[in-house]
Amino acid sequence: MAYLAIAMPLCQLSDRAIVRMSGPDARAFLQGLITQDVTLLAPGRPLYAGLLSPQGKALFQLFLHADGEDILVDVNAGQAEALMKRLAMFRLRRQVEIAPEPGLSMWQQWGEPAGTQDKRPADPRMDEAGRRFPAAGLTPDATLADWHAHRLALGLPDADEIGTDELLWLETNARELNGVSFTKGCYTGQENTARMHHRDRLRKRLLPLQVAGGAAEDATVMAGDKVAGALRGRRHGDLQMALMRMEHAGAALTVDGLPARLLRPLWLPAEDGEAEGEGQPPAGS
């Protein structure tokens, strides 16, 4: 059977850095700090996780990749030094080495055709995100702007939208995007994260909006005369993340008086905001 050739964009994630953790205590050390179960980490099976404050707020958005027994930590480039300092602060006498990994870069590939035999590791958040992996010596054929437009349409937050010590980890949709384990042992911020998990629903979430040109990147999202949310991070094309109050998710929205439209991600539960099939149609409809 012949398959139709489909372009698979390949992008170097130049806004990400890699920190290598090695030594016999590296995995046990991380297990007590981050939101995911490090025992599940394996070659070809990366993990998505957060390192939180004691109050459960996101400090660092992380992806973990196995390199033998070492762990490659994929983190926002502007936060790499702060992450290494924070990890070193908790290391104490454990046998863990923490250092930059300059020989590798992070890469993202998406738009996979049916029947592909590509064995590159899948992005741990959702299949539609494609593949995410560390590598050297590749040639990109897509830009960072291409990737940001793709991930925003899927409702995948990035570090600048999450911020530092601003949003609770579950408000960044970590539960729906495989960024937290509720069966592992204790970790920093676990108490508030578990408490939020057992509530019926979240009051606020990071969600993508299609925003009309001319609206400021730091503007407030309105539902009539009520505040529905606030834009966060940078705009890519006409898409930008907003921290949305979920009771207004099905309302007609504006930003700086201009129309805005909520894009409902595939992973968003129907009971959050409007019922499925109601509210505003997705972009492109």
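What is the volume of the largest cavity?

Author: The largest cavity has a volume of about 50 Å³. Volume here is the space filled by probe spheres set on grid points, joined across faces, edges and corners. A cavity is a set of points on a 1 Å grid over the protein atoms alone where a 1.4 Å probe fits but cannot get out; lining residues have an atom within 4 Å of a point.

First, the ground rules. This is a predicted model, in which local features need pLDDT of at least 70 and side-chain atom pairs count only at pLDDT 80 or more, while totals for chains, interfaces and linings use all residues. Residues are numbered from 1 along each chain as its sequence is written, and side-chain values use heavy atoms, leaving out hydrogens and water.

Back to the cavity. The whole structure holds four cavities of 30 Å³ or more. The lining of the largest one is made by Leu13, Asp15, Arg16, Phe63, Arg125, Arg132, Trp147, His148, Arg151 and Asp158. Six of these lining residues are charged, three are nonpolar and one is polar. Asp, Glu, Lys and Arg count as charged; Ala, Val, Leu, Ile, Met, Phe, Trp, Tyr, Cys and Pro as nonpolar; the others, Gly among them, as polar. Helix H3 (residues 144-154) gives the largest share of the lining, with three residues. Helices (H or I, at least four residues) and strands (E, at least two) are DSSP runs, numbered from the N terminus.

Now the wider chain. It has five helices and 14 strands. Of its 285 residues, 50% are buried. Buried means under 20% relative accessible area, exposed over 50%, and partly exposed in between, with a 1.4 Å probe and protein chains only. Take the contacts between residues at least 6 apart in sequence: 68% of them join residues at least 24 apart. A contact means heavy atoms within 4.5 Å.

Next comes a sheet. Five strands form an open sheet in the order E3-E4-E5-E2-E6, paired antiparallel. Strand E3 (47-52) and strand E6 (97-100) are the edge strands, each pairing on one side only. On average, neighbouring strands in this sheet are turned by 30 degrees against each other, direction ignored. Helix H2 (residues 80-91) packs on the sheet. H2 touches E2, E3, strand E4 (58-67), E5 and E6, and its direction makes about 170 degrees with that of E6. Axes are lines fitted to C-alpha atoms, for helices over the stretch in contact, and angles run from 0 to 180 degrees between N-to-C directions.

Walk across the strands. E3 and E4 pair antiparallel over six bridges. Two strands pair if DSSP finds at least two bridges between them. Ala49 has Leu62 in E4 as its bridge partner. The E3-E4 hairpin has five residues between its strands, and Gly56 there takes a positive phi near 90 degrees. E4 is mostly covered, with nine of its ten residues buried.

E4 also pairs antiparallel with E5, over five bridges. His65 has Leu72 in E5 as its bridge partner. Two residues lie between E4 and E5 in their hairpin, and Gly68 in that turn has a positive phi of about 65 degrees. Strand E5 (residues 70-76) then pairs with strand E2 (residues 16-22), antiparallel, over six bridges. Ala17 has Val75 in E5 as its bridge partner.

At a relative accessible area of 0%, Val75 is buried. Beyond its neighbours within four places in sequence, Val75 is in contact with Asp15, Arg16, Ala17, Val19, Phe60, Gln61, Leu62, Ala80 and Leu83. Asp15 and Arg16 also line the largest cavity. Met106 is 31 residues from Val75 in sequence, and their C-alpha atoms are 9.5 Å apart.

There is also a three-strand open sheet, ordered E1-E7-E8 and paired antiparallel. Strand E1 (10-12) and strand E8 (131-135) each have a single partner strand, so one side of each is left without a neighbour in the sheet. Neighbouring strands here are turned by 25 degrees against each other on average, direction ignored. E1 joins strand E7 (residues 105-109) through three bridges, running antiparallel. Gln12 stands opposite Trp107 in E7.

Last, a loop. Leu92 sits between H2 and E6. Its phi is near 55 degrees, a positive value in a residue other than glycine. Leu92 counts as exposed, at 68% relative accessibility.

Note on methods:
On a 1 Å grid over the protein atoms alone, a cavity is a set of points where a 1.4 Å probe fits but cannot get out, and a pocket is an open set with protein on both sides within 12 Å along at least five of seven lines; lining residues have an atom within 4 Å of a point.
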